[in-house]
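Here is a structure to look over. Take a moment with it before reading on.

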Amino acid sequence: MIAALQPLTPLQWLALVHPVLIILFVYPVIGATIRLGILARERRLEINPIAPTVPVEHVDHGRWATAGLLVAVLFALSHDLAAADAGLSSWVLAILQASGVVLAFLALLRTRRLALRLLFAWSCWLFLLLITIQPLLVTDRALAAPAVWQSHTWGGLLLLAFLLLTMACQREIAGRLWVRRLHVSLNVLVALLLATQAITGTRDLWLG
């Protein structure tokens with residue numbers, strides 16, 4: 001006999017928000033971003049006479065993918081805090097830090113100077129890191145090698161670091177060859193991390 005399905009608890013519903021956002025939004029948008037990046041390169045090399053709007057769309061898709069990943073990570077960290085029965089002080093601190101993530105990201109989108117863009121990208125990532133290393137959460141995540149390299153959480157933070165750095169350097173990519181090469185190299189790593197994140201995320205959901 002098949003056992004009757006049990007209704008999900010609010011905490012279990014919250015746990016599903018992160019993977020649902022990643023599967024339905026982040027991965028498809030990143031796929032489109034990669035495709036648009038290839039087309040933008042073909043246009044720059046005059047291989048394919050595509051519309052001049054394609055490079056702009058490539059940048060916009062990258063921003064949406066990074067923003068979507070940030071939101072998904074914040075939901076995942078919220079679930080972890082709820083699962084750890086975090087007290088009021090932990091929630092207040094996390095909310096303040098999450099506000100820092102959002103404000104720094106918005107500032108990154110609006111700022112033109114490279115130094116400030118790098119600063120806001122670093123600040124955004126740092127606020128995420130501060131939420132992650134709260135004592136209630138860090139006990140569930142090994143900090144010692146090699147476990148840290150198998151961690152979905154730390155892999156996600158590394159992925160976001162690469163995406164935020166790419167956003168910070170976006171205005172320099174078209175005009176500087178070495179920045180363009182750095183951009184391509186980072187995004188090869190991003191593609192590999194997306195694959196490993198899919199594996200570790202599925203593993204964590206399977207193990208509960």
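The questions below cover a helix pair and the cysteines of this predicted model.

Q: At what angle do helix α1 and helix α8 pack?
A: Helix α1 spans residues 10-44, and helix α8 spans residues 177-207. Their axes lie 12 Å apart. The angle between the two is about 160°.

Q: Is α1 roughly parallel or roughly antiparallel to α8?
A: The packing angle is about 160°. Angles over 145 degrees count as roughly antiparallel. So α1 runs relative to α8 as roughly antiparallel.

Q: Which residues of α8 make the contact with α1?
A: The crossing of α1 past α8 is left-handed. From α1, the contact takes in Pro19, Tyr27, Ile30 and Arg44. By class, the contact has 6 nonpolar, 1 polar and 2 charged residues. On the α8 side it is made by Arg180, Leu194, Gln197, Ala198 and Leu205.

Q: How many disulfides does the structure hold?
A: A disulfide needs two cysteine sulfur atoms within 2.5 Å. For Cys124, the closest cysteine sulfur is in Cys169, 15 Å away, which is too far for a bond. For Cys169, the closest is in Cys124, also too far for a bond. The number of disulfides is 0.

Q: Is Cys169 buried or exposed?
A: Buried means under 20% relative accessible area. Cys124 has 0% relative accessibility, so Cys124 counts as buried. Cys169 has 14% relative accessibility, so Cys169 counts as buried.

Terms used:
Residues numbered from 1 in each chain as written. Predicted model: local features only at pLDDT ≥ 70, side-chain atom pairs only at ≥ 80, totals over all residues. Heavy atoms only, no water. Axes fitted to C-alpha atoms, helices over the stretch in contact; angles between N-to-C directions. Helix = DSSP H or I, 4+ residues; strand = E, 2+ residues; numbered from the N terminus. Parallel < 35°, antiparallel > 145°, perpendicular 65-115°, else oblique. Left-handed = near helix turned anticlockwise from the far one by under 90°. Contact = heavy atoms within 4.5 Å. Nonpolar A, V, L, I, M, F, W, Y, C, P; charged D, E, K, R; others polar. Buried < 20%, exposed > 50% of the residue type's maximum accessible area, 1.4 Å probe, protein only.
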